[in-house]
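Notebook open, structure loaded. I want to go through the contacts one at a time and jot down what turns up.

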Amino acid sequence: MKTSGLFKGVAAAILISWAGTAGAFTMTPTPGIAEGLPPTSERAPVDPLVTNMTEIGRTTGKQGGELRTLVGRTKDARLINVWGYARLVGYTEDLELRPDILKDVQVEEGRIFTLTLRRGHKWSDGHPFTSEDFRFWFEDVLTNDALNPWGMPSFLLVDGQPPRFEVIDEITVRYTWDKPNPLFLPELAKSRPPFIYRPAHYLKQFHENYGDPQVIEDMTATYKVRSWAPLFNKLDDMYNARNSELPSLQPWVLTEEGDDRRIVFTRNPYFHRFDSEGQQLPYINRVVMTVADGKLIPAKTQAGESDLQARNLSFSDISVLKRGEASEGYKTNLWLSTKGSQVALLPNLAVKDPVWRKLNQDVRFRHALSLGIDRNMINKVLYFGLAHPSNDTVLEMSPLYKDDYAKDWAAFDPEKANALLDEIGLVERRNDGTRLLPDGRPLEIIIESSGESRAQDDAIELVAETWKELGIRAFLKPSQRDTIRNRAMSGDLVMAVWSGFENGVPTADMPPVDYAPTRGDFLSWAPWGDYYETDGQSGEKPDWAPANRLMELYDAWLASSTKEERAQIWHEMLQIHADETIHIGLVNQVRQPVVVKGLSNVPETGIYGWDPGSHFGIHRMDAFFFTEQD
Amino acid sequence: MLYYTVRRLLTMIPTLLVISLLTFFIIELPEGDYISNQIAVLKSSGESASVAKLEFLRQEFALDRPFFERFAIWVGLWPGPHGFDGLLQGNWGWSFEYDKPVYEVVGPTLPLTIVLNAATILFVYLVSFPIGIYSATRQYSWGDYGFTFLGYVGLATPNFLLGLVLMYLANAWFDLSIGGLMDPEYIGEPWSVDKALSVLSHLIVPTIVIGTSGTAAMIRRLRANLLDELHKQYVTTARAKGMKERALLVKYPLRMALNPFIADIGNLIPSLVSGSVIVSVVLNLPTVGPVLLNALQSQDQFLAAFILLFVSVLTLVGMLVSDLLLAVLDPRIRLGGGSRS
Amino acid sequence: MTLLSLERLTVDFDTAEGRVRAVDDVSFRVPMNRSVALVGESGSGKTVISQAIMGLLPSRARISSGRILLHDPLNPQVDIDIARLDPAGAQMRNLRGNRIAMIFQEPMTSLSPLHTIGDQIGEAAQLHQGVSAAEARELTRTMLSLVQFPDPSRGVDAYPFELSGGLRQRAMIAMALICKPALLVADEPTTALDVTIQAETLKLIREVQQELSMSLLMITHDFGVVANMADEVVVIYHGKIMEKGSAQALFSDPRHPYLKALLNAVPSFGMEAGQRLVPIRPINANIASFLKDRPQHRAEKTPVLLRMSNVTKRFGSRKGGLLSAQPKLFTALDQVSLEVRRGECLGVVGESGSGKTTAALAMLRTFPVDEGHITFDKGDGPVDIASFDRAQMLDYRRRAQLIFQDPFSSLNPRMTVNDILMEPLTIHGIGTYPERQKRARELMDLVGLNPRFLRRYPHSFSGGQRQRIGIARALALNPEFILCDEPTSALDVSVQAQILNLLQDLKNELGLTYLFVSHNLAVVDYIADRIAVMCRGRVVEIGPTHAVVTTPIHPYTKALLSAVPEPRLDALLDFEHLDAMRASEPHLWPDPFRLEQGDVPELVEIAPDHLVCAPGRNAKQTIQSLVERAS
Amino acid sequence: MSRHLPPSDREPDHYVNPEPFDPTATEKLTPEQERFYQASQWKIMWWKFRRHKLAVWSGVVLILFYLCVPFAEIIAPYTPNERNNDYLYAPPQTLHLFHDGQFIGPFVYGFTSEVDLETLRWVYKEDPDQVQPLRFFCSGSTYRFWGLWEMDFRLVCAAEGGSMFLAGTDRLGRDQLSGLIYGARLSLTVGIVGIVISMFLGILLGGLAGYFGGIIDSMIQRLIEIMRALPELPLWMALSAALPVTWSPVWIYFGLTIILGLLDWPGLARAVRSKLLSLREEEYARAAVMMGARPRRIIFKHLLPGFTSHLIASASLSIPAMILGETALSFLNLGLRRPSVSWGVLLNEAQNISVVTIYPWLMAPVIPIIIVVLAFNFLGDGLRDAADPYK
């Protein structure tokens, strides 16, 4: 078997960390699970995922307890599947990809993926989890026209070609492409992954090809849908945690308790992870999410009503959270946000207005804007000086980090900025000192924001202050996400304020999607992204050299097969961003408060991010436990 | 009486129709709709697959039709994609945001909404009646001025701020959980004495906050009505009979001054709902208010339209009930135009 | 024996302008079982005295000095000084409604609309005699039969608005008398009632007074009522007593100029032609100067100025009852035919609801009529006023003007007198601004008001002055036809005389034609050339004033005439023969006058120009025999 | 004599008042009465209103507040969006008059600030040696007066190099007091403009209904009923959500006032209608009809003057609702936004519990709101009592 360089490492790691411990291992009964379930050893896979807590810097915990946490919307119930972070393959805390639900992944030539399941692994209802569940998804769901009339998702397509899917045996399946598909495994490790397997035994009863028509008809009536397909779509959602009957592989599963305001999850008695003492994970028995208005969550947290809270808490809440620590007995840990920049200005390089387009595409203009921002002042005013003034780029903890990426053109230098603006030819000024555009309009930039983050709006106010010295007037126009996206797509948007790159801690193996015009919702170049996404059917072709270069590099990454190759591509892309200042980042590494009440194994510092990170996911929320239990 | 009731009910029909049209129109005023916004979101996240799903929804809910057709389909006066299937047929619509039938979203919030509003009405009446009577009988006294002043201060304080401060104080002093209508552990649990107590204690702050804004107006009106009545001749007549002032006040002028209040029960409902939206948001109350607010903001049109319509119907029913009540209580209306003996 | 005596009573009011003395050093007594009338114009302080006796003075008023001594026959040892009692105290409450009771002027507003009259009547008994609710109800029923309530058992559960004015006043009387008080204070108890009902009510009060042997303090401005009711009379003016004594003495030998003047100002039947009333304060109207530029109306050509022929008007009451499906139709005018002759004054009399005002308003085209025609003849032939176009209508508005009943609401309080008088000229675009101003001054002269007052606002004038302004306004456009809708019914007798004289003079000097609507037969008798009597929307009798007053044929006219109390002791009401109930019910009239629902109210000429409504068969003969028998 | 009763124990005396009798004496007027009788309704209303002390004081307070509207730039010590990096979340400075027992005039002590990294808060210490007397009639930062003229004149400013945050600063170091003064400009006019719109609609529709009656009346009545059946706030929300986000602050402001006005008219229309119905029945109105006046003249010359005073009174009573409405909309992020400054925008900062616990001075805008709403209510009460001068 020929294994690619990358996955040799993965396979080796598995051997070291898990294969060795399996021998000296006795499973203990799990307290607090439903009556009448088989003993632990019969519930667990033959070869469970065993974690030695001390080896990963944690302590072995105790099972039990109920964790209270607060969410802003009923929809947020899905977070349980993010935090639980049981994936076919997932990132470790060091952002390494490891098999998790899978026992093993073998990759050949970057294009043949053989997935091996754990023997005896069971769904949360006790039914075996086998290759049939993969087959069911691929053959009866994905390629069923009624269920999925819109074809394959892009991570399954290489040059427009779908994979060949084979069932090797009961626990082995294989996906084969003609060319490498480096997107495949990272996609499976996402916080919102594509669930390429479904509980076939449960879902078949609603499937036209398998189910009893009478049952299906009754169900469609109950759910007030028109045919089996919408019914199936409704019931098979593995992410949103809406159907308490849907079997799951995640550490906690939805119960029928509670209602829209209080969502209760209980431990999955068939979960595949164990600690080295033989205790089945997760340690915590129940998770209760209470829905509260987002604005109230800091207050409620401060009143000690949450045991683990990061959602809806922001930097500005830290002062009030710190205040309640002593009386309510919680601790406010400060993690680091993994965004490339907490606040970034995004000039629209594809703006329709020709004057603005010329200006926004002029690198001197973007440099001048960047040099005209006093990042230290912003850091002091908004973040007590605790954040890092930086461009929008990868963070220090990323293996791809270089100082230049963060510092180029990021110092406050109004003189140089003024000189650059003069050099462009923006020398005419209105009597109040505002520069004039070539066509005589004043240089007034309307910066549109989603209106959701006060810090962003505040930052713009501070930016506008120093820009005023350059003869540039900036106006903030709070708007709405959807409106801004539409305006970016239509080319009406001149500049937006947004958060920076979602993934500020990439490794070379993570796709550099954010860094090239690959998607229609990137405000810097929405039409170009749309062009790429739709294969030229809509949007417009990039007319700007650096963008074209970034696209080439991205395509090269997709076709790459070695880590070194990928790292090189990454560096070139980051360098282009640093040179061109495509995003004008302000600060990054902003602290994210994480309130912890009575829990152990929650890291004091850590990264807090969506992808990669899954919030608590990569920090192994299943290993959190209540220090004192009654 | 029966005839009158039936006639009143019949006149409600065109009113309701206009209200529903107006509501539907207003809901649709903002640009775009829920589905197109969702499409924008999904498109941006590269899930073109889901886009097609939404396009399907758009047809499913007839959002691609012209305004009046959409309206008629919603009401059930016009066949939609599935024939006649609107409000009239008992289909209250679909919430896109919750992906549930509207009644499943609204239903659970209604009992608490009603409890809250009833508590507020009770509060308003309990507070404003004694004070109004006191103010009217001791016009221009210090007490009169004092209560008037207090009432106006209640009216003048923005509800959300008052709610915020009281909520904080309730937590700091009485260790009441922040926001909500009960302590979190009772949510979704079966009813028990403890749960009821928890609900009661959580009702205090919102009741006061919503109530204060209405109390001042109520006091002033009761006072004005009562003052009017106190100068009527029949009061002098009663006095000339040698009645005690208090007994007289209760039997005659107060009884008369009450009529406008009974007539106003219907009008109270929309203002209470208005008042409770913000307070419910601030205090995180699981009433219909925040649902409405969310629905309006996310353009979840059927949900928003239904709630608005529901409140309007409630108001109309309230008006009807207060009219009927008035007819029962006021012989002039009950027997008006009756034969002269 | 004296029941109540007022000794040097003085009452002051605190007003924004300072202290005002409402009652000034008043002393009089009310003997036991006798009736004392307290007579005076509005504002004379008579009501304040009654309030002081009842302990019901408004908060702004206080008794500055004097005593009100009550010598209660049930408790003869002590005389209670009411002036010293706390008005809200138990002692005063115990007297009020128990030993002293009061009936008020307005029976509608004096009763709570939300409670049954039984509840309201029995209340005093429950309060003062400690009877149970059931006993009170029984007592109430007895009282209602005492006041001759038609069906006492049902009456107990009736609401005030279900009753007619007369019955309401009976209920009030029953309420006042339920505790058998020693003193009944009656504050203008009949002013708001029609004459026939008034007579009935007076009769009733007299009877119960006898039955219960109580004293009566009657407050009134009507000398007719005084003459019929009082043993003793106290005349009060501006809070001071002008004259007091026995009724006999005062009527036969009035000494004070004020009393003399009052008595001379009251119109009465049998005044000689050309005899004028003598107002207390005569006005100096300068009519001569006004005559100069007055256009001459061609009175000689066509004798009939306006004619109503078979006019019917129905009003639907807007509020259908809760229980009744159909809105009720009320026939306000039922085939009314009338003619107004050029230069005459046609008086229209009738009780409230008889349709007299409706007829006047129909003539002005205030609303369209349902049947019949109204024609107006400005000298070139009769024209139906319903056919007038905008210009013709404007012309008609200049020729026909209205003088309103209520001098207080007929003048816009927000316009100066000057504006009010110039308004008609402005509307019709007559003259320049200075000319209009000159006209306004002339009009003021005409009605005897000082032109200096032009800058004032209406609220500064007394009722009489306002009515004169109203008249001046009506005359501004030089009309030839004026409809007077009860122009004096809201005024005191002394002022009434002023106005009647003024109208009389204006008519004579300016050659005006009047339609004079009134419920007061004596007033109509004084001013009208012909009288039309209306009842329930029909004209029942019409003829020359003298003929109608001296030889009334129709039973209704007779009843009306016999119910008018005259301010003379030698022409008292014949209480024995009163029958108001029958008199105003057309279906109870004897043949040939009886009118059933739907009958055509046919008029029969019984003497030249004297017609009477008699639809019955052989009406003419029957009536002839009636007339002959009468004469 | 004794017609029906036994004779009394003695016949009454026949008393005649001996004083001279002049029946015309009562018609003499004092000069005050004459003045009163010649006074127009507005004058009498003013005399009546003047007696209502609380209302008069409320009027004075409102005038003072409204002075901020045209002269905000001059009165405020700073411009509203002017930031001070060294004074973030600064608590209010106390105004002193005496230093070490010596009278200095109004001054504040200087401030020093540092971050407490443990609690992540700014900590301010007053420096008793740093006496910073306020300057009066001084120059501060420049502003454009009414957006037209560049000026820097101010009524009062901080000492040179000093600070003057009498109501504290917000998270960006903007002076609260100046914000309040500038905020008055929008907050106080929102109600007025709104009320003008609603009065226009109310008078028009109420007038039509009241004067013409019939079908028009019942249609407008229905409409009013419908409007009243709809809850106000959700309607505001829906309508403001319909305001295009691309509108400039000025347009948003007008949009808001129009929305506030559009939804407020039914109450006024009802008042106008019922007043008109009753006035129409007054005999002086009928008199005008009898004189041949056209409807327009009757409405404007005879009826309207009769209830303008009532309208003004009820208008002044509905302004507070609009002011509160604006804050409510700002709270929901549907109203005005920075850089526009209104009290609602300022209060928007006071949305979370940290303000209540840590930065209570950010709740300061509630004070002028309460004062103004109170004042309008008292003023309205006074106006209403005085509205009917002939009662």
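Predicted model: local features only at pLDDT ≥ 70, side-chain atom pairs only at ≥ 80, totals over all residues.

Into which domains is chain A divided? I found domain 1 (10-267) and domain 2 (344-588).

Next I looked up how the two domains of chain A sit against each other. Their centres, taken over C-alpha atoms, are separated by 38 Å. I get 6 residues from domain 1 of chain A and 10 residues from domain 2 of chain A in the contact. The area buried between these two domains comes out at about 690 Å², with 74% of it from carbon and sulfur atoms. On the domain 1 side, Leu95(A), Pro182(A) and Leu183(A) supply 62% of the area buried against domain 2, more than any other three residues.

I then checked for polar links between the domains. My search gave 0 salt bridges and 0 residue pairs in polar contact, with both residues at pLDDT 80 or more. The touching side of domain 1 of chain A has 6 nonpolar residues, no polar and no charged.

On to chain A against chain B. I count 32 residues from chain A and 36 residues from chain B in this contact. The two chains bury about 2900 Å² between them, 50% of it on carbon and sulfur atoms.

Which elements of chain A give two or more residues to the side that touches chain B? I noted helix H8 (228-235), strand E9 (252-259), strand E12 (286-291), helix H9 (297-302) and helix H17 (481-490). By class, I see 6 nonpolar, 6 polar and 20 charged residues on that side of chain A. Across the interface of chain A and chain B I still get 0 salt bridges. The polar contact count there is 2 residue pairs, both residues at pLDDT 80 or more.

Conventions:
Residues numbered from 1 in each chain as written. Chains lettered and ligands numbered in written order. Heavy atoms only, no water. Domains from an automatic or database assignment. Contact = heavy atoms within 4.5 Å. Buried area = accessible area lost by both parts, 1.4 Å probe. Salt bridge = Lys/Arg side-chain N within 4 Å of Asp/Glu carboxyl O. Polar contact = N/O pair within 3.5 Å; in protein donor to acceptor, adjacent residues only side chain to side chain. Nonpolar A, V, L, I, M, F, W, Y, C, P; charged D, E, K, R; others polar. Helix = DSSP H or I, 4+ residues; strand = E, 2+ residues; numbered from the N terminus.
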